[in-house]
Every structure is written in C-alpha cells, then in structure tokens.
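Hello,

Here is the structure for your files. Notes on what was found in it follow below.

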Amino acid sequence: MKDYLAQVEKLRKDAAECALIRDLATDQAKRELFDRLHSHLTVLADQVEQAILQRKTGT
C-alpha cells in the first residue's frame, strides 16, 4: 500500500512541476505540451487514489 501512496505522491509532484514549466514557458507549443502533461498526470494520480480506495473498501 505504501508503494501506491508513494506513486500517487510522485505523480502529483510531477504534475505540479509540469504546471510550473507550463506557466514559465514562453513558447506556445511548449505551454500546450506541459498543460497536457499536467492534466494527464493529475488524472493518473486520481485514478491510482481511486484504486487504493476501492481496494480498501473492497468494491
């Protein structure tokens, strides 16, 4: 279970870094790329958290 939580934390940290890069980027294509990465990593973290909760509750 700790492995899952560590992965969620890493995904959230990576998403935050992508958001920072997106916000600092001056190139439009780079901003769009890092925005997509941020969104994707956030969704992945949410899905892992949901899987953890489902596993805990047995649903």
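Arg22 is found in helix α1; helices here are DSSP runs of H or I with at least four residues, numbered from the N terminus. This is a predicted model, in which local features need pLDDT of at least 70 and side-chain atom pairs count only at pLDDT 80 or more, while totals for chains, interfaces and linings use all residues. Residues are numbered from 1 along each chain as its sequence is written, and side-chain values use heavy atoms, with hydrogens and water left out.

The side chains of Arg22 and Asp23 are joined by a polar contact of 2.9 Å (a pair of N or O atoms within 3.5 Å, one able to donate a hydrogen and the other to accept it; residues adjacent in sequence count only if both atoms are side-chain atoms). Leaving aside residues up to four places away in sequence, Arg22 touches Arg31, Phe34, Asp35 and His38, where contact means heavy atoms within 4.5 Å. With the same exclusion, Phe34 touches Cys18, Ile21 and Arg22.

Phe34 also belongs to the largest nonpolar core, which has 6 residues, the others being Leu11, Ala15, Cys18, Leu41 and Ala45 (a core is a set of buried Ala, Val, Leu, Ile, Met, Phe, Trp, Tyr and Cys residues joined through side-chain atoms within 4.5 Å; buried means under 20% relative accessible area, exposed over 50%, partly exposed in between, with a 1.4 Å probe and protein chains only). Helices α1 and α2 (28-57) each supply at least two residues of this core.

Lys10 lies in α1 (residues 2-24) and is partly exposed, at 46% relative accessible area.

Regards
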